[in-house]
Amino acid sequence: MLRLRAFRPTSEKIVKIQLHPTHPWLVTADSSDNVVVWDWEHRQVMYELKAGGVDQRRLVGAKLEKLAEGEAEPKYKPTEAMRGGSVKQVAFYDDDVRYWQAWLHRAAASEAPVAVNQQFAHHGGPLASTRGRHFLVICCENKAIFLDMVTMRGRDVPKQDLDNRSLLCMEFLSRFPAGDGPLVAFGGSDGVIRVLSMSTWKPVRKYTGGHKGAVSCLMTFLASSGETLLVSGASDGLLVLWSADHVQDSREIAPKLSLKAHDGGVLAIELLRVSGGAPELITIGADKTLAIWDTISFKEVKRIKPVAKLTSHSVASWCHPRAPNLDILTCVKDSHIWAIEHPTFAATTRPLCDLSSQVPISLLAPNKKLKAYCMVVHPLQPHLVATGTSLGVILSEFDARSLPAAAPLPTPSGSREHSVVFMAEREIKLLNFQLSNPVNPSLTSSNSVSEAGRLKTDSSEALQVKQLKRRVGPVTHDAYSCVSVSSSGKYVSVVWPDIPYFSVYRVSNWAVIHSGTGRLFAWDTCRDRYALLETAATPRIPIIPKGGSSKKAREAAAAAAQAAAAAASLASAATVQVHILLDDGSSNLLARSIEGRSDPVIGLQSGALLGVAYKTTRRISPNAATAISTLQSGALSGIAPNAGGMLSSFSAADDGAFVAGRTPIGEAPANFQLYRF
């Protein structure tokens, strides 16, 4: 269901990963404690840092900055010269991160009934602001590193400033008393959560008395009551809730609630948005289980083992409109991303994708298997999923081709039963379903109409669905397919563009009445006619192997060039045919090819008219080529071409037309034409 979007190979396994919500930035930390910021859109590394040890570049840069500001050589050891130790967490923090995090939390809390979340409008204090700075924050065992991605200036906060306790996790707090500025909470090895002000770089308060073990994960969320809560998990297996509103400035804050979550420790916490209800919490633990918690009663809703005998290392809520039944993603130390379907009901776990199919074959050595160690879903683009593996960073995106092809059949007049034909598991299947919404006779004038025009009632009835699936018959190909229905609904076409092959079925008995090689297909919306692009199978272009002898490389390159030339020849030789279906169901050829252009056809558009899209190239006439050459040489020599009366290719002609006798430069022909069937 996922395909490769971007890949960055690494020599070390990636153990920490995070995505920025608005910029194409991805930060990772590997097993050697090297931190890398990667622009996944342009495939460029923006910044590298040896966070585990002493980064000499940062140390020299800090000394030069202090000398430039006129400061004397410090007598004590600078914080940049301290070893960071093991990297525990990496994150971005700026105004975009703060805004969208608050928006997502508010959206999740607002799903609860209005009577519960009516306090939202009256609650909350000031919001923290970074004042235009884009922070990369690295939580190391011995210190926290705050690096401004704009000025590249950093600030290191050693653990000595936080009671000399190792830092194991962090979370940014959105609410704070006036004067404290942005706040970040660090989970310590002693079970205490210490809050640091990013304005004064001093600790301002503590969360104490909740854990007896090391704090392993932190997360804030907005409860349906309107209160901002901080939830923590630790090695003692406890899940503890704290108030994160900070309405009153208190140096030490006691826990609100504590409950046993997992044996062996809590590894990660995630917020799950629930449609029509209060948000829920997802936790994974060292006991190989995943638990879901209600945020109103804080009782356990469901507990499962996603993958038998394996511990989940990362968990993420997933809300994709094309896969509404999949709510949770998780990864274990194997080559898959696992999806949990209907987590509060059946809680079925199935592999979402095999990551080994998304990396180059040359990296998959027989003795080096791919394993996933961390995973994150893009907060605003859920079709993007980033995974840290033993071979590098894999950014996957949702593959629309993985969904089964489907098309609705026309519903007879007066009928309440609907039908959909779809492809699944090398078969054509038919789904018959009927929708019914029972009317509640007790409804009176208490009903109201909302702004969106929907009827709101005091007691809503669930929509009842009656459905029946039946197998129509097998198909010959198991590949990406497209299904379409004729205007009368009597015929169904299935096209496999990658094969290429097509079949036309009669709906009454599901018999094949026409089939052959074809890549594109379009129905006439007025009669049972169709156009198809009949083409032969494209030869497969061989992969040029890296390394090896130069002779084999030349032979492979020659074979690839030959296959590419053959594919181009077949594409240009493909013709658009028009067929009509007679009353007896037989197919009759109306036109073997449509007249007009010799350009390769790349698309067919169905309708009352047939639309044909062509692949065109930008043609340059000899006069235009001479003009371009003259313009370039004139620019190099410093001569202005327009001074001699020549019209530049970037000049606008009067009245929208070129001056007589001057050739338009690089004018491309139309690449779309309409034809009558």
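## A walk through the predicted model

Let us start with a cysteine: Cys169 is buried, at a relative accessible area of 1%, where buried means under 20% relative accessible area, exposed over 50%, and partly exposed in between (1.4 Å probe, protein chains only). Cys319, in contrast, is exposed, with a relative accessible area of 62%. If a disulfide is a pair of cysteine sulfur atoms within 2.5 Å, the count comes to 0 disulfides. Cys169 is accordingly in no disulfide, and the nearest cysteine sulfur, that of Cys217, lies 6.5 Å away.

Before going further, please keep in mind that this is a predicted model, in which local features need pLDDT of at least 70 and side-chain atom pairs count only at pLDDT 80 or more, while totals for chains, interfaces and linings use all residues. Residues are numbered from 1 along each chain as its sequence is written, and side-chain values use heavy atoms, with hydrogens and water left out.

How confident is the predictor? pLDDT is its confidence in each residue, from 0 to 100; the protein chain has a mean pLDDT of 80, and 78% of its residues reach 70 or more. Over residues 441-460 the pLDDT is below 50, and this stretch has 13 contacts in the model beyond near neighbours in sequence, a contact being heavy atoms within 4.5 Å. Residues 627-666 also stay under 50 in pLDDT, with 28 contacts beyond four places in sequence.

Now to the interior. A nonpolar core is a set of buried Ala, Val, Leu, Ile, Met, Phe, Trp, Tyr and Cys residues joined through side-chain atoms within 4.5 Å. The largest one has 35 residues, of which Val35, Leu136, Ile138, Phe146 and Phe186 touch the most other members. Elements giving two or more residues to this core include β4 (34-39), β7 (135-140), β8 (143-148) and β11 (183-188); here helices (H or I, at least four residues) and strands (E, at least two) are DSSP runs, numbered from the N terminus. β7 gives the most, with 6 residues. A second, separate core of 23 residues includes Phe7, Ala323, Leu355 and Val359.

On one flank, β21 pairs with strand β20 (residues 280-285) in the antiparallel sense over 5 bridges, where two strands pair if DSSP finds at least two bridges between them. Thr283 stands opposite Ala291 in this pairing. The hairpin of β20 and β21 has 4 residues between the strands, and Lys288 takes a positive phi near 65 degrees there. β21 also pairs with strand β22 (residues 300-304), again antiparallel, over 4 bridges, and Leu290 has Ile304 as its bridge partner in β22. Between β21 and β22 the hairpin has 5 residues, and Phe298 takes a positive phi near 55 degrees.

Our last stop is Glu397, in strand β29 (residues 392-398). Is Glu397 buried or exposed? Glu397 counts as buried because its relative accessibility is 14%. The side chain of Glu397 makes a polar contact of 3.2 Å with that of Arg5; such a contact is a pair of N or O atoms within 3.5 Å, and within protein one must be able to donate a hydrogen and the other to accept it, with residues adjacent in sequence counting only if both atoms are side-chain atoms. Beyond neighbours within four places in sequence, the contacts of Glu397 include Met1, Leu2, Arg3, Leu4 and His383.

Technical notes
pLDDT is the predictor's confidence in each residue, from 0 to 100.
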